2 protein chains.
Amino acid sequence: MMLSLLPLLLALGAQDADPPVPAMSPSEIVENSHPSAWRQVAPDHLLIMTLSGDREVVIELNSRFAPRHVLNIQRFAENGWWFDGTVYRVQDNYVAQWGIGDAEKDMPDGVVENPPEEYVTSIEGIRARGLGSPDSYAATAGFVDGWPVALYRDGTASLTHCYGTVGVARGLHPQTGSGSELYAIIGHAPRHLDRNIAIVGRVIDGIEHLSSLPRGSGTLGFYEANETPTEIDRVILASMLPEEERPSYEVMIETSDEFGDYVRARANRSGDFFRVPARGVDLCNVQVPIREVGED
Amino acid sequence: MMLSLLPLLLALGAQDADPPVPAMSPSEIVENSHPSAWRQVAPDHLLIMTLSGDREVVIELNSRFAPRHVLNIQRFAENGWWFDGTVYRVQDNYVAQWGIGDAEKDMPDGVVENPPEEYVTSIEGIRARGLGSPDSYAATAGFVDGWPVALYRDGTASLTHCYGTVGVARGLHPQTGSGSELYAIIGHAPRHLDRNIAIVGRVIDGIEHLSSLPRGSGTLGFYEANETPTEIDRVILASMLPEEERPSYEVMIETSDEFGDYVRARANRSGDFFRVPARGVDLCNVQVPIREVGED
């Protein structure tokens, strides 16, 4: 059944037709934001992957869209699943993928091997801040809980594949993947994957440790026998660390005035470098502000 | 003066309201394409940059939008300008930049140090194939000569910053840059740079030699004193090589039936992996087919 666009537009809430462009740059808006413009990432939704050579990749998990897959990932982390894993696939302008690959291991208790499809949710109850620019893929796009989201004409919503997005590798449809093998986007947003794969998170720190890895020369960027996969030393949840050792991250929330200003400033870059503002921005070029706090 | 959208739509030409989705995948369409669907890249528009360790980056130049800047680049190449240059800036999800940096050298004959702004052209005389999906930045988007192009309400058109796009680094507006320092996009399309910088080309082979370089830890990804820039061994035009040693590349042209099929197939991915087609594609995710020919 096709729904009209009306519920989508209602879901987006009322937007001023032409809000003023902020005088501050995007980074100035972030620097001058009020503490209430931010939410903290919960420690059990902060996945810390340490690659060999102390290269730390920090991932925020999102339980709203793929709760069963995220539960699996939390179980894998708690059970040290990836301690002997590797990054075994790096495809340019696409993904870096890691896990245990072809190794055979018994799944930990509490893991569901082929969870239900968690690719979309109903837009019912979703209140998004609109992007304010057209989207090439969906009826409209915006932000929910500080995450980029697409809203479709059929009344569904999905997280989107942007730079840094973490998804669950899977076999052919209808396999959904357990979450044992994960990938992060390291190129231009492959939005055609939206609604086809469970998106479970995003890299919020250390993406360069994945994006700058040597590309694999095999099909789809898999490493060949003569190429060395990057070893994973450890993958844990921040909640597994003593409280005083946990890193802490904050995400700017879309209900804040600062976020609205930030999106408009990103869409209307000014200052001494720019000759003309774009007057638009695509969902994945907004780059939701995320920061580490409490670091020395 | 603001023009109506009518000339833009005329420039795009008549499009079927709902062309059929091809049964073949994008790669099958490329494999089965007729030779007439392709144009060859002219040897004097093929820039070959060899980084240390025989890493070859091949760039196609485009004279249509920034002719004076491209002339400069051809003069630089002919005069061995970059033989002692480096890749000295790598910013994650943004750019890799190369040139002679702060080295002081006399410009070769025929180089104009601060060319006119060549950021947009008039849409007059431009006949583009439409993308068929909305664009977040421009009135409409499409393809001209096998290049992604944005068309604006003010009657101008520009090349666009997609993955692999090569542009001319410059100082603050109104400096336009000579072309001595160039960058390639190695992340999600920073389309806010469109109409603000001279786009002169795109990497058509070997982008991974730039995108997988270590990120610089300085501001904007510049390498600090303790980081080693990548040395450039040689930058030449293919036309400077003996004819039998020249590499040869072909670009699929947008006037071919195959190109239309390819875009529709990219927007409607099917096959055993996909659960649902996107029914849309953004300009930079189309990835115009380009291939090397005549290689052993």
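**A walk through a predicted two-chain model**

In chain A, the side chains of A:Arg191 and A:Asp194 meet in a salt bridge, with 2.6 Å from N to O. A salt bridge here is a side-chain nitrogen of Lys or Arg within 4 Å of a carboxyl oxygen of Asp or Glu. Both A:Arg191 and A:Asp194 are buried; buried means under 20% relative accessible area, exposed means over 50%, and partly exposed lies in between (1.4 Å probe, protein chains only).

The model is predicted, so local features need pLDDT of at least 70 and side-chain atom pairs count only at pLDDT 80 or more, while totals for chains, interfaces and linings use all residues. Residues are numbered from 1 along each chain as its sequence is written, chains are lettered from A and ligands numbered from 1 in the order in which they are written, and side-chain values use heavy atoms, with hydrogens and water left out.

A second salt bridge, in chain B, links B:Glu60 and B:Arg202, whose closest N and O atoms are 3.0 Å apart. B:Glu60 belongs to strand S3 (residues 55–61) and B:Arg202 to strand S13 (residues 199–205) of chain B, so the pair ties together parts that are 142 residues apart in sequence. Helices (H or I, at least four residues) and strands (E, at least two) are DSSP runs, numbered from the N terminus. B:Glu60 and B:Arg202 are buried. In chain A, salt bridges link A:Arg39, A:Glu60 and A:Arg202 in a network.

Over all chains, the whole structure has 22 salt bridges, and the count between chain B and chain A is two. B:Arg275 forms a salt bridge with A:Glu117, the closest N and O atoms being 3.0 Å apart. B:Arg275 lies in the loop between helix H5 (257–267) and strand S16 (290–293) of chain B, and A:Glu117 in the loop between strand S5 (95–99) and strand S6 (121–122) of chain A, so this pair joins two chains. B:Arg275 is partly exposed at 32% relative accessibility, and A:Glu117 is partly exposed at 35%.

How much area do chain B and chain A bury between them? They bury about 4100 Å², 52% of it on carbon and sulfur atoms. On the side of chain B, B:His188, B:Phe273 and B:Arg275 lose the most area to chain A, together 19% of what that side buries. Buried area is the accessible area (1.4 Å probe) that two parts lose on being put together, summed over both. The contact takes 46 residues from chain B and 46 residues from chain A, where contact means heavy atoms within 4.5 Å.

Next come two helices of chain A. Helix H3 (residues 67–78) has 12 residues and reaches 16 Å from its first C-alpha to its last, close to the 16 Å expected at 1.5 Å a residue; the expected span is 1.5 Å times one less than the number of residues. Among its buried residues are A:His69, A:Val70 and A:Phe76. The buried residues of H3(A) pack against several strands of chain A, including S2 (46–51), S3 (55–61) and S14 (230–237). Just after H3(A), A:Gly80 takes a positive phi of about 65 degrees.

Is helix H5 (residues 257–267) of chain A enclosed or open? Eight of its 11 residues are buried, so H5(A) is largely enclosed by the rest of the structure. These buried residues include A:Phe259, A:Tyr262 and A:Val263. The buried residues of H5(A) pack against helix H2 (26–31) and strands S7 (129–130), S8 (140–144) and S15 (248–252) of chain A.

Some backbone details remain. Most residues other than glycine have a negative phi, and most peptide bonds are trans. In chain A, a cis peptide bond joins A:His173 and A:Pro174, with omega of about 15 degrees; A:Pro174 is in the loop between S11 and S12. In chain B, a cis peptide bond joins B:His173 and B:Pro174, with omega of about 10 degrees.

A:Arg195 has a positive phi of about 70 degrees although it is not a glycine. A:Arg195 lies in the loop between S12 and S13 of chain A and counts as buried at 9% relative accessibility. B:Leu220, also not a glycine, has a positive phi of about 60 degrees. B:Leu220 is in the loop between helix H4 (208–211) and strand S14 (230–237) of chain B, and at 47% relative accessibility B:Leu220 is partly exposed.
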